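This briefing is meant to be read with the sequence and the 3D view at hand. Please look at both before going on.

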Amino acid sequence: MAKPHALFLFRLLLLVNACRPSHQQDQNKISSGDMAALAAVKESLTDIPGSNFFATWDFTAPDPCSTFSGITCSLGRVTTLTLGTGLSNSRGLAGFLCPSVSNLTELTQLVLYPGLVTGPIPPQLGLLRNLRVLSLTNNRLKGPIPSSLSSLASLHTLDLSYNQLTGTVPPGLFTELAQLKVLILASNQLSGELPRIVSAEILHLDLKDNRLTGALPLRLPSTIRYLSASNNMMRGPLNGLQSLSELEFLDLSMNQFSGPIPSYLFRPALSSLFLQRNNLSGGVPSSLPSPLMYAEGSIVDLSHNFLTGELPPVLAAVEALFLNSNRLTGRVPEEYAKNVYGGSTKTLYLQHNYITGFPLEAGMRLPDTVSLCLTYNCMVPPVGFRGCPAASDGELLSRPESQCLAFSHGRSIP
């Protein structure tokens, strides 16, 4: 016969286990306000044929927090909402973002995967005070970026890229979000000028493929490691970049920037430098260490500008170097030829300049991995041309002598 004490403990365990499911159910039960907000979200969005994201959103289920795709909860409140699967075989969602999503007041993350969602970004998203990640990329969102997003004091990442957003960028995104580290607004139709001072300590700033005008900010945070504003309509000198000691990637290509290239941009830590297709002038600085020790994978593109003078050795160690379509003169330093024939420089484009010589040793052959183009200069190219881009300079291997003479005497070239 069981002892009374042991029998009491056994019955107590049975009682505890019997109570546990209902206790857990109360803890996991989603709040009525969040449930209504999720219902409004589902009403405003729909699966594109081929997508089945909402298949699990059964509002009769006892515990949506554990059954609904794309949500996580804490103490009965929705804390993350990911709309769409993000899988390559899913076509995403269509519809619009309803303002009721702002009733999910405990959200820390709101993500919309690529699809066909259109309409404006609800200004009410500015009420989500706990939001750290807001990503609404690759859809068809229209209208302005709500200035209310500048009140999201906890925001770490804002990605609104690849939509159809218009208007100016709210200045508060650059000045009022102390926690913001990643700001991606690329591939929209944004216009206007950037603020003169960017005080947010951003690490990654991507503004490419918009309609931005004006000059670079006079002051950018020293924390920036990635900065892209390519394919806009910005102009003026390359100011405000000197303090960017952490910068590793800079792309200001396809704008209207003018003036000289600051010498501080030529440093191995800045291993990706894209300044092509601007109105930059002056020469490549020759006062720097010769050559700079760029690492594997480095790329510098200064093509399609108005750079003049002789090419100094400072860029000889760059793995992919594009200096074509400028006004460079003189002989190419031996350091470039050494790295090309040694294979450490994989691409060297010097075509369409006024270069008069390239140092070669008789019988030397290019490695198969190297692309070297010297056509349309004031010299007869001494090497093969398999590395030149197709039809880069038509059928002419050298510039007409008349152009070379006119350029050397300072006359305009037709």
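The model is predicted, so local features need pLDDT of at least 70 and side-chain atom pairs count only at pLDDT 80 or more, while totals for chains, interfaces and linings use all residues. Residues are numbered from 1 along each chain as its sequence is written, and side-chain values use heavy atoms, with hydrogens and water left out.

**Cavities and pocket**

- On a 1 Å grid over the protein atoms alone, a cavity is a set of points where a 1.4 Å probe fits but cannot get out, and a pocket is an open set with protein on both sides within 12 Å along at least five of seven lines; lining residues have an atom within 4 Å of a point.
- Grid points are joined across faces, edges and corners, and a volume is the space filled by probe spheres set on the points.
- There are two cavities of 30 Å³ or more.
- The largest cavity has about 60 Å³ of space, and among its lining residues are F174, L194, P217 and L252.
- Its lining has 11 nonpolar, no polar and no charged residues (Ala, Val, Leu, Ile, Met, Phe, Trp, Tyr, Cys and Pro count as nonpolar, Asp, Glu, Lys and Arg as charged, and the others, Gly among them, as polar).
- The second largest cavity has about 30 Å³ of space, and V41, S44, L45, L83, F96, L97, C98 and V101 line it.
- The largest pocket, of about 200 Å³, is lined by E334, A337, K338, Y341, P359, L360, E361 and M364.
- The pocket lining has five nonpolar, no polar and three charged residues.

**Strand pairing**

- Strands (E, at least two residues) and helices (H or I, at least four) are DSSP runs, numbered from the N terminus, and two strands pair if DSSP finds at least two bridges between them.
- Strands β20 (residues 279–282) and β22 (residues 306–310) pair in the parallel sense over two bridges; S281 has F306 in β22 as its bridge partner.
- β22 also runs parallel to strand β24 (residues 327–331), joined by three bridges, and E310 stands opposite T329 in β24.

**Aromatic rings**

- The structure holds 10 aromatic pairs (rings of Phe, Tyr and Trp, its six-membered ring, with centres within 6.5 Å; planes under 30 degrees apart count as stacked, over 60 as edge-to-face and the rest as tilted).
- The F54 and W57 pair is edge-to-face because the ring centres are 4.9 Å apart and the planes are at 85°.
- F54 is buried at 8% relative accessible area (buried means under 20%, exposed over 50%, partly exposed in between, with a 1.4 Å probe and protein chains only), and W57 is buried at 4%.
- F322 and Y349 also form an edge-to-face pair, 5.2 Å centre to centre with 90° between the planes.
- F322 lies in strand β23 (residues 320–322) and Y349 in strand β25 (residues 347–349), so this pair ties together parts 27 residues apart in sequence.
- One aromatic cluster is formed by F53, F54, W57, F59 and F68.

**Backbone details**

- The peptide bond from S290 to P291 is cis, with omega near -10°, and P291 is in the loop between β20 and β21 (299–301).
- N138 is not a glycine, yet has a positive phi of about 55°; N138 is in the loop between β7 (133–136) and β8 (140–143).
- S325, in the loop between β23 and β24, has a positive phi near 60°.
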